[in-house]
Protein chains: 2
Amino acid sequence: MDRALVVLSGGQDSTTCLYWAVRRYGCKQVSSLTFDYGQRHRVELDCAANVARHAGVGNRVLPIDTFAAIGGSALTDGEVEVSADGAGGLPSTFVPGRNLVFLTFAAAYAWPRGIRHIVTGVAQTDYSGYPDCRDETIRALERTLRLGMESEIEIHAPLMHLSKKDTVLLAQELGALDAMRLTHSCYEGRRPPCGHCPACRLRARGFAEAGIADPLLSA
Amino acid sequence: MDRALVVLSGGQDSTTCLYWAVRRYGCKQVSSLTFDYGQRHRVELDCAANVARHAGVGNRVLPIDTFAAIGGSALTDGEVEVSADGAGGLPSTFVPGRNLVFLTFAAAYAWPRGIRHIVTGVAQTDYSGYPDCRDETIRALERTLRLGMESEIEIHAPLMHLSKKDTVLLAQELGALDAMRLTHSCYEGRRPPCGHCPACRLRARGFAEAGIADPLLSA
């Protein structure tokens, strides 16, 4: 029986992916993995746990203390040239490759458990162009993981080519809208969300274009 | 000016690579990175620091608490089917993809520092066939990191196709033999080394075939 592991951040996209996986593999074949990597808003971890419980799947939290150590040094140590826009036009405090690490750890977690399918909410549309969210990157990583772990692992990114509007419509189709009230998007970490930050605006636009009220706002 | 970052474990191979990088890029352009990932023998961290100091390059230690969390669960939680030889013929307690994670973090560390060259001591010869040490895997990872970080990063694995004997000869050629007395190989974590474990035997065979006395044993 095929089993799947969903990388669950507690946000709108990974929640939609969790329901996508439940629909595809069946509730009992799906589990979820959340990374405690020092994210600014700890509320994300609670959201992930609540979403998983709502969907009836397990949720395991794995710690990653490395990003904080890398990021901290980027701000503090003399080795780093902190420039206005950093290398490659991204902020110099940005820790690159975060999704690569998440998916590699997810594969390492899945491997001894005989789980073959990894599901991630990354998308190359509607985003600020983080290169580790692009389809070509995810496909290259899949190949790397298959070679490096001698496994038949598959990375699924169901939202890769969807607009935010289409992601909302997919959530509706999957019966995932009710779970949206448990999710977290706001960059400011506010519940109820601030409504003004880029994440809140992006989310609001998606729901508006889909013609659906965001359950989080009417909760 | 090209700069290089060496992933330094404190063992024989990564030490040789450190001297390879110093020869190629110059001492001032090289730094080293050591991962504190819960390795059984903490002496490795001291060896890495001592080797780096001996070579005149900086050494930064980055923590990774994730492997212990994954590995611990593989032994303790009910989700895992612990089999005699695990999935893929490797022990079920084996955490796969360790080198993939090391190199991805190394690239994430290098990126904001404008370091383009990552050097690793992995080799596909003389080893127990860990798939994440193979050339094809390392090349796939390099491509993934280039795409995922939009960088021109290069992964160098100077020992990839060398036998243990040739690695010892390379160390001699690079003037790295003296540093070998600071390294650590023994699986048992002993100093002086136990001489009986697979790592001690492999090391001894390499030096014997090269016709060179291991400085660690005459230290």
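The buried residues of helix 6 of chain B pack against helix 1 (12-25) and helix 7 (198-210) of that chain. The model is predicted: local features need pLDDT of at least 70, side-chain atom pairs count only at pLDDT 80 or more, and totals for chains, interfaces and linings use all residues. Residues are numbered from 1 along each chain as its sequence is written, while chains are lettered from A and ligands numbered from 1 in the order in which they are written.

Helix 6 of chain B spans residues 164-173, and B:K164, B:T167, B:V168 and B:A171 are buried there (20 or more other C-beta atoms, placed from the backbone, lie within 10 Å of a buried residue's own). Down the helix axis, these buried residues fall within an arc of 100°, so they line one face of helix 6 of chain B. The arc is that of the directions from the helix axis to the C-beta atoms. B:G175 follows helix 6 of chain B and has a positive phi, near 75°.

Chain A holds an open sheet of 5 strands in the order 3-2-1-4-5, with parallel pairing. Strands pair if DSSP finds at least two bridges between them. Strand 3 (58-63) and strand 5 (154-156) of chain A stand at the edges; each has a single partner strand, so one side of each lacks a neighbour in the sheet. From one strand to the next, the twist averages 25°. Helix 2 (residues 43-55) of chain A packs on the sheet, touching strand 2 (30-36) and strand 3 of chain A. Contact requires C-beta atoms, placed from the backbone, within 7 Å. The direction of helix 2 makes about 155° with that of strand 3 of chain A. Axes are lines fitted to C-alpha atoms, for helices over the stretch in contact, and angles run from 0 to 180 degrees between N-to-C directions. Helices (H or I, at least four residues) and strands (E, at least two) are DSSP runs, numbered from the N terminus.

Note on methods. Contact = placed C-beta atoms within 7 Å. Buried ≥ 20, exposed ≤ 12 C-beta atoms within 10 Å, placed from the backbone.
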